[in-house]
Amino acid sequence: MDAASRRDMPLLEVEELSTWFRTRSGDAHAVDGVSFQLRAGETLGLVGESGSGKSVTALSLLGLVPRPAGRIVTGSSVRLRGEELVGADERRLRAVRGGEIAMVFQEPMTSLNPVLTIGRQVEEGIRIHRRLPANEARSEAVRMLERVGIPEPADRIRAYPHQLSGGMRQRVMIAMALACRPSILVADEPTTALDVTVQAQILELLLDLQRELGMAILLITHDLGVVAEVADRVAVMYAGRIVETATVEDLFEAPAHPYTAGLMAAVPDPDRPAQRLTAIPGNVPEPTRWPDGCRFHPRCPHAWERCRGAEPGLLETAAGGRSRCWLIEEPDRRLPTAFSSGTGGEP
Amino acid sequence: MLRYSGRRLLGAIPLLLGIVTLTFILLHLAPGDPTTAYFNPNIPPDVIEQMRRNLGLDRPLPVQYLDWLRSFFTGHFGYSFSQHRPVAAVIGDALPNTLLLSGISLVLIFVLGCAAGVVQAVRQYSAADQVLTLLALAIYSVPGFWLGLMLILLVSSPVLSGWLHLPISGMVSIDHEYLGWWGRVADRARHLVLPVIALGLASAAGVARYMRGSMLEVVGQDYIRTARAKGLPERRVILGHALRNALLPIVSLLGLYLPLLFGGTVVIEYVFSWPGMGRLLYNAILARDYPVVMAATFLFGALVVLGNLLADLLYAAVDPRVRYDGR
Amino acid sequence: MRRAGLLADVLLPGARAALSGRSGGVAVLAAWAFLWALSALRLGRIVATLGGGSADQWLALATLVACLVACPVAALGWLRREPRKASDAPAGPIDWEAFARHRQASIGLVLLAALILVALLTPYLAPFDPNAQHAVVATRFLPPSAAHPLGTDRFGRDVLSRVLYGARISLTIGFVAVAIAMTVGTLVGSGAGLAGGAVDAASMRGVDLLLSFPRLVLLITLVALFEPHLGLVILVLGLTGWMGTARIVRGQVLSIREEDYVQAARALGLGRWRILVRHVLPNALTPVIVAATLGVGNTILAEAALSFLGLGVQPPTASWGNMVASGRDVMLNAWWIAAFPGLAIVLTVMSFNLVGDGLRDALDPRHARGP
């Protein structure tokens, strides 16, 4: 492969990733044929409600799906710079975890080991991945803590997690994740458990670090506001599948998939405070029994027989994104409901 | 940390006082007194009366109680009827032996128990786990004295006695003084093997069960997921991260096992003729040697209280959340 | 077809269920076979009982008859029901289905039932009178054989019979002592929990104090100061085992006290005592049941140790503990005297522990599911 193609090659390619869980009532298809790509330096937002499979997708990338209940189904492919990670040797996976792909989790309260100092926890990764001796690892750790905005890092190094606030702990998590200079950061709801003011700071920090380190970010969230601020591209997940991908501008201007439109309509509009909130009718179905045909059809205002009969593929939209919806082929079937208009644009 | 220890220490004092008092009450509940042991129709009653006066048994109870309390400060616990020596000396001889036996047993209990528990948790539902679970339950149901006897039987059987020379009674061999330094250590060690196993095995099984549960719970925690996501080798995740957290509830469990441990010494020392406090108490009770019984009973209670105190301090030492919170 | 099925369930209860793979059916069928075999082999003794036997023997006969009746009843009723599906929610605080599925717990329950059955049927099961010395010199220290499956002791007494009678002693002591302990513990615990304040604090200090003594130390001190005899042994076992229950009950009372339905009862003007008995206790009782089950096992162990030391059940009454003690001196030549009673203790305590564990898992909403 020549230099030019290598440059164009996406950093991370996920193809037909499926992760299933054995439960008493059958197999739960938490992630069912998800495909996307991530390029160096870009931020992809993975959006969806709880139960859509986004967290499981993230865990699957690193092979961290809880076994024996969960398993990545054969046929799934996760390629990092062309190297296949599904089914790879455990030692290779360990090198990738933290070293190339790092992860930040949602709950800073419980994601840090309560009996080890934060210094120890940050240093650990550095020593394993970057093979630095103890004293160098220590100064690196201090430097990282400072970089993420922890005051008096040289002292805080000896602190225990319970002595820090939620926002501080999340910063420590980020420091821990980035200490080994990964090329990809997977952030699973990094700000959901934090106060609103702290949220903004953390997002700011993430963007800053991304610019500085040139890494790609896979940001998983249910919060469209966060996506709007931080992402370059967005993939919307529903019922274990990706139902729409688009650039962030296109997505917010004209969401193609009815589910995306529904998500946006559910967000209160500060310009129209008296407007009634429109929730998407119905509930997210059980992962053991995804609906036939288009998985969204039971809750979709535009649905017709075709939707019940067959599941659409990811069809290309006019703007260049993709949408898993028959409306792309039959746009006249789109009904003019408030649901479908989305925020911004239509009066 | 200092504040925490100080507080715990202070809290132990009323408990110790309670133990002293309770021991006194218990002993004086019984009908009869030490002189009944000597009761013999040939002895004229006024000699018995004299004996009672000598032993101070004719004074009113509150006075006797104060005497008993005072003895803790003077260190003079009276005189043993059956051994014709000061009680303090008798206890002084026996106590270290019991501490040695209990101490080594405690080590066995926790090392074996934790190791088994960790193995089970890491290989949950495997053949090893299921076998160990059933085995642990079976061993946990075994009475210590019977285990001791069966061990003696085993070791004395023609099959094993040929090559395995484990003593079945006493603390040291007859020729102990003539052995070199290393020989004496080995001699003591060999004498410890059977009693320690008999005393500790059942409790080790109990600890194994708890440890398994604790490890399983810890391994499901978020921070273990973080550790794995950092790419740490699994061994590091289990031993460095999970184990340290799983041990915390076990340390607080230590306190609960102490009464069982010390109670067990009574039977085990009897079975193996180990010259410790358990055997001392038993013989003293049979001989109605009240001063010794009182002192020994008190001491057992005190050992448990002190042991619990140490366990609490140990817990504070290993759990930073307690250490830096002052609670 | 139905009549044939009815007939099968009455004549060979459990057979049909066993054939369709239900382990409950196997258990019932085995019990049925065993009971009939016993009746046949011991027909003489049964007849003797009818002609005027001791209370013991009448109890055994009553048990035999009751169990014989219970088998076809079980086959016609319980074994015909559909087992509840795994995914449905449990009815009530104890998840009986989970308990039944818990393999170790079911084994424990079967063992326990068998044990109790054996204890009740002992007058028919035991081949010899436990105190019969036969021709002492000729029959003493006999190793296990067909005539004496577990051998004989120093007085020529049949060890198997003594072990069987020992079961009655141990189980009786265990159950009664635990009953005492549960009662005292529940009273103290609920009293402390309801009263609160200084009473609560003082009670709990008292409990801590008592828990600081090793149970065996308290036991031997108490028993030896008075004359050891059965009633005293049971009493002191009960009086040294209530503390754990008191703590559990107190904890439950404290938490349930704040629950909504209790507030509602109080708002309706119901008195404290009534609230305690009708509302608080039924809910608090479930962990107490677990503690009681495990407690019987521990009590049996404590009684065995006590008897071993000579301070519990006195010879010639056969208690497993004193049997082991009598076998100690001759252990190298007649190992069976000490070995078998101990084994009986292990099996008995194990079955209580299995059941207790199973109950605990069934009560815990987060019970870990096995393969």
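Local features need pLDDT of at least 70 and side-chain atom pairs count only at pLDDT 80 or more, whereas totals for chains, interfaces and linings use all residues, and side-chain values use heavy atoms, with hydrogens and water left out. Residues are numbered from 1 along each chain as its sequence is written, and chains are lettered from A and ligands numbered from 1 in the order in which they are written.

Phe21(A) has Ala28(A) in β2(A) as its bridge partner. Strand β1(A) also pairs in the antiparallel sense with strand β5 (residues 77–80) of chain A, over 4 bridges, and here Val78(A) in β5(A) is the bridge partner of Val14(A). A further antiparallel pairing, over 3 bridges, links β1(A) to strand β4 (residues 70–72) of chain A, with Trp20(A) standing opposite Arg71(A) in β4(A). Strands of a sheet pair through backbone hydrogen bonds, either parallel or antiparallel.

Because Arg79(A) lies in strand β5 and Glu13(A) in strand β1 of chain A, the pair ties together parts that are 66 residues apart in sequence. Over all chains, the count by this rule comes to 38 salt bridges.

Chain A also contains an open sheet of 8 strands with mixed pairing, in the order β7-β8-β9-β3-β10-β11-β13-β12. Its edge strands, each of which pairs on one side only, are β7 (101–104) and β12 (315–316) of chain A. Towards the β12(A) end of this order, strand β11 (residues 241–247) and strand β13 (residues 322–323) of chain A pair in the antiparallel sense over 2 bridges, and Ser323(A) in β13(A) is the bridge partner of Glu244(A).

Chain B, by contrast, has 13 helices and 0 strands, and its C-alpha trace spans about 85 × 60 × 40 Å along its principal axes. In the loop between α10 and α11 of chain B, Ser273(B) has a positive phi near 50 degrees, in a residue other than glycine.

Between chains B and C, 48 residues of chain B are in contact (heavy atoms within 4.5 Å) with 46 residues of chain C. The two chains bury about 4100 Å² between them, 76% of it on carbon and sulfur atoms, buried area being the accessible area (1.4 Å probe) that two parts lose on being put together, summed over both. The interface has 1 salt bridge, in which Arg209(B) pairs with Asp357(C), the closest N and O atoms being 2.9 Å apart. Across the interface, 7 residue pairs, both residues at pLDDT 80 or more, are in polar contact, that is, a pair of N or O atoms within 3.5 Å, where within protein one must be able to donate a hydrogen and the other to accept it, and residues adjacent in sequence count only if both atoms are side-chain atoms. Helices of chain B that each supply at least two residues to the side touching chain C include α1 (2–29), α8 (181–219), α10 (234–272) and α12 (290–318), and α1(B) gives the most, with 8 residues. The residues of this side divide into 36 nonpolar, 9 polar and 3 charged, with Ala, Val, Leu, Ile, Met, Phe, Trp, Tyr, Cys and Pro counted as nonpolar, Asp, Glu, Lys and Arg as charged, and the others, Gly among them, as polar.

In chain C, a cis peptide bond with omega of about 5 degrees joins Pro315(C) and Pro316(C), and Pro316(C) is placed in the loop between α15 (272–308) and α16 of chain C. The mean pLDDT (the predictor's confidence in each residue, from 0 to 100) of chain C is 82, and 87% of its residues reach 70 or more. Confidence in chain C is highest in helix α16 (residues 320–328), at a mean of 92, and lowest in helix α6 (residues 96–101), at 60. Over residues 366–371 of chain C the pLDDT is below 50, and this stretch has 12 contacts in the model beyond near neighbours in sequence. Where pLDDT is low, the predicted coordinates should not be read in detail. For the complex, the predictor gives an ipTM of 0.87 and a pTM of 0.84.

How values were computed. Two strands pair if DSSP finds at least two bridges between them. A salt bridge is a side-chain nitrogen of Lys or Arg within 4 Å of a carboxyl oxygen of Asp or Glu.
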